[in-house]
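Me: I would like to understand how the words used for a protein structure follow from its values. Could we go through some of them slowly?

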Amino acid sequence: MLATGFALWMIVGTDRPNDYKYFSLLFLPVVAVAVRHGIDGSCLALAATQLGLVALLKGYGYDATAFTEFQIVMFVLTMTGLLVGVIVSERQQAEDRLKESQQEAARAARLNMVSGMASALAHEINQPMTAARALARSAQQLLRAPAMDLERANANLSTLVTQIDHAGGVVRRMREFLRRGQPHFSTLSVHTVLDDALVLARPEAATHDTRIELDVAELLPSIFGDRIQLQQVVLNLVRNAMDAIADAHRANGHIHVRARLADQGKSVEI
C-alpha cells in the first residue's frame, strides 16, 4: 500500500500533467502482490490502485482527457497484474493437486503393504482373542465351582486382559498406519516408532519362520519427523528382507533391526 501510494503521488501528485514516465512504478507492487497471493491478491491490488488513481486525479483537478489517457495505461497494468495472478494461482493449484496425489499414492502403498500382511495380521489378532475366550470360560467355571478358586480366576482374568490389549494394540497400530493422509511432523521416540512398525511385521515374519530382533541403544535422543512415513520405510525394508530370506529358502531366518548414534552423536542411524 505504501509503495502504491508513493507511485501514485509520483505520477499524479507532482505538477507534470500527462507525464507517464513514473507509471511503471505501479507495476512493482501489483506484480509483487500477484506473485505472493495469486489472482485474489492481484485483483485487490488493482482495485486499490484504481481507486487511489481516481481519487488523486479528481483531487488534483485533472480533466476528462487526462483521465482517459491514464485509464488506457491503467488497462495495460490491469492485464499484466491479472495475467501474473492467474499464472501464480494455477501453479499453486497444481502444487496442491500434486501434494494430494502424493498423499493418496502413499496411502495406497500402505494399504497394499498391509493387504499383503492381512492373513498374518488376522492370525495375530485371532490368536489372543481365542486365548481370551478360553481364559474367560475358565474363569467362569472357577467362579461357578462350589469351592471358588478366586486367586486362579483372577490370574486368568488378568491374562485375558493382556491378550485383549495385545489384539487391540495390533488393530490400533494398523488403523493408524492406514488412516493418516496429511504428513504430521513431531518429536518421536526411536524405540516407539520401530516397535510399532515391527508389531505389524512380526506376524508375517512368523509365517515365514523368520525372527525379527529389535535392538535400540539406550539414551537415544528424540528425532523429528513423520511417524507413519518412518514406519512405512522400516516396514518396506523388513518386508524386502523377508522376501529375500524366503527366496533363498533359508530356514530360521533372522532380521536384526538396530538403532544407534551415528556421525559422532549428531544423528540416529537405523
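Reply: Here are some questions about this predicted model, each answered by setting a value against a cut-off.

Me: Why is Q231 called buried?

Reply: The word buried is used for a relative accessible area under 20%, and Q231 has 3% relative accessibility, so Q231 counts as buried. This residue is found in helix α7, which covers residues 227-247, and, leaving aside its neighbours within four places in sequence, Q231 is in contact with F177, V193, D196 and A197.

Me: What makes E204 and R239 a salt bridge?

Reply: A salt bridge asks for a side-chain nitrogen of Lys or Arg within 4 Å of a carboxyl oxygen of Asp or Glu, and the closest N and O atoms of E204 and R239 are 3.1 Å apart, which meets that limit. The pair links distant parts of the chain, since E204 lies in helix α6 and R239 in helix α7, 35 residues apart. E204 has 8% relative accessibility and therefore counts as buried, and R239, at 18%, counts as buried because the limit is under 20%.

Me: How do you know that D215 and R260 form a salt bridge, and are these residues buried or partly exposed?

Reply: Their closest N and O atoms are 2.7 Å apart, and the limit is 4 Å, so the pair qualifies. D215 in strand β2 and R260 in strand β4 are 45 residues apart, and the pair links distant parts of the chain.

Me: What is said of R211 and E213?

Reply: The side chains of R211 and E213 meet in a salt bridge at 3.5 Å, N to O, which is within the 4 Å limit. R211 has 48% relative accessibility and so counts as partly exposed, because exposed would need over 50%. By this rule the count comes to three salt bridges.

Me: Why are β2 and β5 called edge strands of the sheet?

Reply: The open sheet has three strands in the order β2-β4-β5, with mixed pairing. β2 (210-216) and β5 (267-269) stand at the edges because each has a single partner strand, so one side of each is left without a neighbour in the sheet.

Me: What makes β2 and β4 a pair?

Reply: Two strands pair if there are at least two bridges between them, and seven bridges join β2 to β4, so the two strands, which run parallel, count as a pair. One of the bridges has I212 with its partner I255 in β4.

Methods. Residues numbered from 1 in each chain as written. Predicted model: local features only at pLDDT ≥ 70, side-chain atom pairs only at ≥ 80, totals over all residues. Heavy atoms only, no water. Helix = DSSP H or I, 4+ residues; strand = E, 2+ residues; numbered from the N terminus. Buried < 20%, exposed > 50% of the residue type's maximum accessible area, 1.4 Å probe, protein only. Contact = heavy atoms within 4.5 Å.
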